[in-house]
Amino acid sequence: MINRYPQQGGGSYYSPDMGFYTQGPGPGPYYVPAPPTPARQEKKRIRRCGNFLGLAVILYTVTSMMVGAVVYGVVWLAPGIVSGQLMEQIATMVTYIASFALPFGVCAALERMPLRTALPLRRFNGKITLLAIPLSMGASVAASYLTALVGAVFSAVGMEASSPEFPVPTQTAAFVLYVVNMAVLPAFLEEFAFRGVILQSLRRFGDAFAVGMSAVIFGLMHMNMVQAPYAVVMGLLFGYLTVRTGSLWTGIILHFINNMTSVGFQILLERASASVQQSVNAAYTLLCLMMGALGLVLYLLKGGKLWFFRPAGTVCSGGKKALYLFTSAGMIVALVQIALFMAMTLRWVG
């Protein structure tokens, strides 16, 4: 039964479910729906955004598989044109570019996001960027510890997580493209996707919310539990600095340095003994911790206040906004897809 609250005027009533309505001369009540509350409007906007972002994640996987199949099919059908290693790197490059440019370009178009918003490439703040380099070194160590902790949790239940392996090519041309694929392209394409399209589309719901959610999506899209915790931590730092500077350039530079460092260690330590690898890793970890602490102190002294985010200006709490985002239809499908890929990277070790 609908509760009715009499209003002034003949036969006019208000129902929490139906809004204002009147009993007319016809066969039934005539009503005007109550206007949606600010909370419901905000929920609708967040769900809409979540659908677009979920679609981008789905398209990312579909594009990777389809373009990869076509490109590698060409490689298989036309052997001998170039070396196998070089062709593999070319195929990886084409697939990688298409997998980010198409899905997140579609997402930006659906959001009607101007190019200057999706790609905020203003001149970067050199002082902040220099201060952020040691900060990112410290953050990378913290992220590595988090990854190790997650790995220990899986080991405790008899499971082991794995991540993709990319062997270093021995041929010169293939090696150059390998460095481009591992360090240069991710710095530009991933920053465009996550700190560009995703972060900027979420900022209307609050800067802190946008930084946090874009970092979580960044981690999930690595689709394995080895890289995901690390990516979340680094995504938080890159997102924070993107909002701080209003530009993607700081994140691009730090992303490149971080990936290039990983490539450098992979190349230098590939043939080293286990004891040498452990010694170098321990020394580098200590250096990063010291640089991270120094960078944080310098940032606090020279870079301004630590918390500068604009007030969210939203009705819903952060928890409800995250719930609405990740329970949108598009995002649910994307999360199921991610979960399936993550499950494929786990194996039972007893």
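**Overall picture**

The structure is a predicted model. The chain has 350 residues, and 40% of them count as buried. Its secondary structure consists of 11 helices and six strands. Among contacts in the chain with a separation of 6 or more, 75% are between residues 24 or more positions apart.

**The pair H6 and H7**

Two packed helices are described by the angle between their axes and the distance between the axes. For helix H6 (residues 207-220) and helix H7 (residues 228-245), the angle is about 145° and the axes are 7 Å apart. The crossing of H6 past H7 is right-handed. On the H6 side, the contact is made by Asp-207, Val-211, Gly-212, Ala-215, Val-216, Phe-218 and Gly-219. On the H7 side, the residues are Ala-228, Ala-231, Val-232, Gly-235, Leu-236, Gly-239, Tyr-240 and Val-243. By type, the residues of this contact comprise 10 nonpolar, four polar and one charged.

The loop between H6 and H7 holds Met-223. Met-223 has a relative accessible area of 11%, under the 20% cut-off, and is therefore buried. The phi angle of Met-223 is near 60°, which is a positive value in a residue other than glycine. Most residues other than glycine have a negative phi.

Arg-112 also has a positive phi, near 55°. Arg-112 is placed in the loop between H2 and helix H3 (115-118). With a relative accessible area of 75%, Arg-112 is exposed.

**Aromatic rings**

There are 14 aromatic pairs in the structure. One of them joins Phe-104 and Phe-194: the ring centres are 5.9 Å apart and the planes meet at 55°, so the pair is tilted. Phe-104 belongs to helix H2 (residues 84-110) and Phe-194 to helix H5 (residues 172-202), so this pair ties together parts that are 90 residues apart in sequence. Both Phe-104 and Phe-194 are buried.

Another aromatic pair is made by Phe-205 and Phe-209, with 6.5 Å from centre to centre and 85° between the planes, an edge-to-face arrangement. Phe-205 and Phe-209 are both buried.

Phe-104 and Phe-194 also belong to one aromatic cluster, together with Tyr-60, Tyr-96, Phe-100 and Phe-218. Phe-218 is one of the H6 residues in the contact with H7. The ring of Phe-218 has the charged end of Arg-195 over it, 4.3 Å from the ring centre. In a like way, the charged end of Lys-321 sits over the ring of Phe-209, at 5.1 Å from the centre of that ring.

Ser-64 is found in helix H1 (residues 38-77). Its relative accessible area is 22%, so Ser-64 is partly exposed. Leaving aside residues up to four places away in sequence, Ser-64 touches Thr-95 and Ser-99. Thr-95 is 31 residues from Ser-64 along the chain, yet their C-alpha atoms are separated by 6.0 Å.

Ala-91 is placed in helix H2. This residue has a relative accessible area of 0%, so Ala-91 is buried. Between Ala-91 and Val-71, 20 residues apart in sequence, the C-alpha to C-alpha distance is 5.7 Å.

Asn-259 lies in helix H8 (residues 249-268). Asn-259 counts as buried because its relative accessibility is 15%, and the cut-off is under 20%.

| Residue | Relative accessible area | Class |
|---|---|---|
| Ser-64 | 22% | partly exposed |
| Ala-91 | 0% | buried |
| Arg-112 | 75% | exposed |
| Met-223 | 11% | buried |
| Asn-259 | 15% | buried |

Definitions and conventions
Residues numbered from 1 in each chain as written. Predicted model: local features only at pLDDT ≥ 70, side-chain atom pairs only at ≥ 80, totals over all residues. Heavy atoms only, no water. Axes fitted to C-alpha atoms, helices over the stretch in contact; angles between N-to-C directions. Helix = DSSP H or I, 4+ residues; strand = E, 2+ residues; numbered from the N terminus. Left-handed = near helix turned anticlockwise from the far one by under 90°. Contact = heavy atoms within 4.5 Å. Nonpolar A, V, L, I, M, F, W, Y, C, P; charged D, E, K, R; others polar. Buried < 20%, exposed > 50% of the residue type's maximum accessible area, 1.4 Å probe, protein only. Phe/Tyr/Trp six-rings, centres within 6.5 Å; stacked < 30°, edge-to-face > 60°. Lys NZ or Arg CZ within 6 Å of the ring centre and 35° of its normal.
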